[in-house]
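Here are a few notes to read alongside the structure. Take them one at a time, and keep the 3D view open as you go.

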Amino acid sequence: MSGLAPIEPVLLARRGKPNSASLGTYLADGGYASWKKVLGGVKSAEWTPAKLTDVVKASGLRGRGGAGFPCGLKWTFVPSKEKRGDKPVYLLCNADESEPGTFKDRLLIENDPHQILEGMMLASFALEVKHAYIYIRGEMVHGAEILNAAVKEAHEKGLLGTDVLGSGVDLTITVHRGAGAYICGEETALIESLEGKRGHPRIKPPFPAVSGAWGCPTVVNNVETLCCVKHIVDRGAEWFKGVGRNEKNTGPKLYCISGHVEKPGVYEAPIGIPWEQLLAMAGGIRGGRKLKAVIPGGSSAPMLTAAEIAGVPMDFDGLVAAKSMFGSAGIIVMDETADIPKAVTNIAKFYAHESCGQCTPCREGTPWLHKMLKRVVNGEGKKSDLDLLLQISNQMGNGMTICVFADAAIAPVISGITKFREEFEAYIAKSNHPDFALAAPEDLTNKVADRTASWRA
């Protein structure tokens, strides 16, 4: 397919500027103009929550956190005042960026926190929120400090607080640090953690828009998503729609590229940019080697071979058509020197560690996958291991658990084995213990099936 025209930095416009995180730098670049414009139109009804929501809906903005759900449509799921009564509405900015291969939100937090805050302010106005939260990954200590400083600056400037700029609008933003759990990137686990409980995903329905934080209507939006809201109000929905590949994939997008490329980093491009064009932005494969495989949406996305990703538009629909997913746009590139079995084993170790343990298939299955993969790469595998790994994986996913963590854990395993099986078989062929059997107190197949049936009952 033909390429897309490059764009001037929008989301990353202040990256590299001196004091980019300060309020002064942001105001000098026209920051908070949209917030002031919206608040200035409150009393005349030029701007209303419904109008701002309609603008975001018209832009076609899809959530940048992974699921790609239309942002404006998500906002409309919040019950009306008549239906929710005296319950407040909460906005939660999901800054719990924990997906391996993904580091775009951290870049925005550390370089341009006021862009995030303005996006949150506008979203809060649309949702009639009086108290919004930024839930940030616990390890991002520096980022939390920057956000707290930015919130303080905004309060001191009168951009947050009571009766902001004489508009009658009240808004407070609180930065809340998580405790380092990957699962808290899932919106209902994030809500549980914010409430002071263990980060376990909730069964849905009810969805957060109806019953979220403290039983109140809640919207959870990703950092990058909220930054896009600010630019949609700045420049208009038509501008945003004109940037992407088509009407279902609109706007500028941040791509995280790591692995075997010459220039790893975060790149801003129109959403839907062809794979080859994006790879060229990162300087191509390091050392002039050949491409072997790509994980296109963070470690939870099925990997694609070099042939499968050729010509693929890097957006939600393009990667679904290629039988993977866009996810968080955390692109991990592997050249011809990559050892796929070791890479898959390393990813499996991460998921075995991060399972919250709430659902049996995930709690029992993730460590089993890692143990079996580890024994293969350690030269202790046997021929039946690969089929057993695929069997266990298929019993863990496809709706067998409360959230999609298990589906995320099995994606690299299934795609790695099915697409690069000969590499796994090569390890088994060199096995020092061809008859080595993984000791188990009972058959895993029956164990998973029995406990899943019990949970469903």
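1. Let's begin with a term: two strands pair if DSSP finds at least two bridges between them. With that in hand, look at Ile257, which stands opposite Gly265 in β6. Please keep in mind throughout that this is a predicted model.

2. Now find the two strands around that spot. β5 and β6 pair in the antiparallel sense, over six bridges. A hairpin of five residues leads from β5 to β6. As background, strands of a sheet pair through backbone hydrogen bonds, and the pairing can be parallel or antiparallel.

3. Which strand runs parallel to β5? That is strand β9, residues 330-335, joined to β5 by four bridges. To find your place there, look for Gly259, which stands opposite Val333 in β9.

4. Is β5 mostly enclosed or open to the outside? Strand β5 covers residues 252-259, and seven of its eight residues are buried, so the rest of the structure largely encloses this strand.

5. Five strands make up an open sheet, in the order β6-β5-β9-β7-β8, with mixed pairing. At the edges are β6 (265-270) and β8 (304-305), each of which pairs on one side only. Toward the β8 end, strand β7 (residues 291-295) pairs with β8 in the antiparallel sense over two bridges. Val294 has Leu304 as its bridge partner in β8.

6. Glu268 deserves a visit of its own. This residue is found in strand β6. Is Glu268 buried or exposed? Its relative accessible area is 11%, and because the cut-off for buried is under 20%, Glu268 counts as buried.

7. Which residues does Glu268 touch? Leaving aside residues up to four places away in sequence, its contacts are Ile7, Pro9, Val10, Leu11, Leu12, Pro252, Lys253, Leu254 and Met281. Take Leu11 as an example: Glu268 and Leu11 are 257 residues apart in sequence, while their C-alpha atoms are 7.5 Å apart in space.

8. Next, zoom in on the side chain of Glu268. One of its polar atoms lies 3.0 Å from the backbone nitrogen of Val10. The backbone nitrogen of Leu12 also lies 3.0 Å from a polar atom of the Glu268 side chain.

9. Let's move on to a pair of helices. Helix α16 (residues 360-377) packs with helix α19 (residues 421-429) at an angle of about 65 degrees, and their axes are 8 Å apart. From α16 the contact uses Leu373, Val376 and Val377, and from α19 it uses Phe424, Tyr427 and Ile428. Sorted by class, this contact has six nonpolar residues, no polar ones and no charged ones.

10. How many disulfides does the structure hold? The count is zero. Cys228 is in no disulfide, and the nearest cysteine sulfur, that of Cys227, is 7.1 Å away.

11. Finally, look at Cys356, which is in no disulfide either: the nearest cysteine sulfur belongs to Cys403 and is 6.2 Å away. Is Cys356 buried, exposed or partly exposed? With a relative accessible area of 26%, Cys356 is partly exposed.

Note on methods: Residues numbered from 1 in each chain as written. Predicted model: local features only at pLDDT ≥ 70, side-chain atom pairs only at ≥ 80, totals over all residues. Heavy atoms only, no water. Disulfide = S-S within 2.5 Å. Buried < 20%, exposed > 50% of the residue type's maximum accessible area, 1.4 Å probe, protein only. Contact = heavy atoms within 4.5 Å. Polar contact = N/O pair within 3.5 Å; in protein donor to acceptor, adjacent residues only side chain to side chain. Axes fitted to C-alpha atoms, helices over the stretch in contact; angles between N-to-C directions. Nonpolar A, V, L, I, M, F, W, Y, C, P; charged D, E, K, R; others polar.
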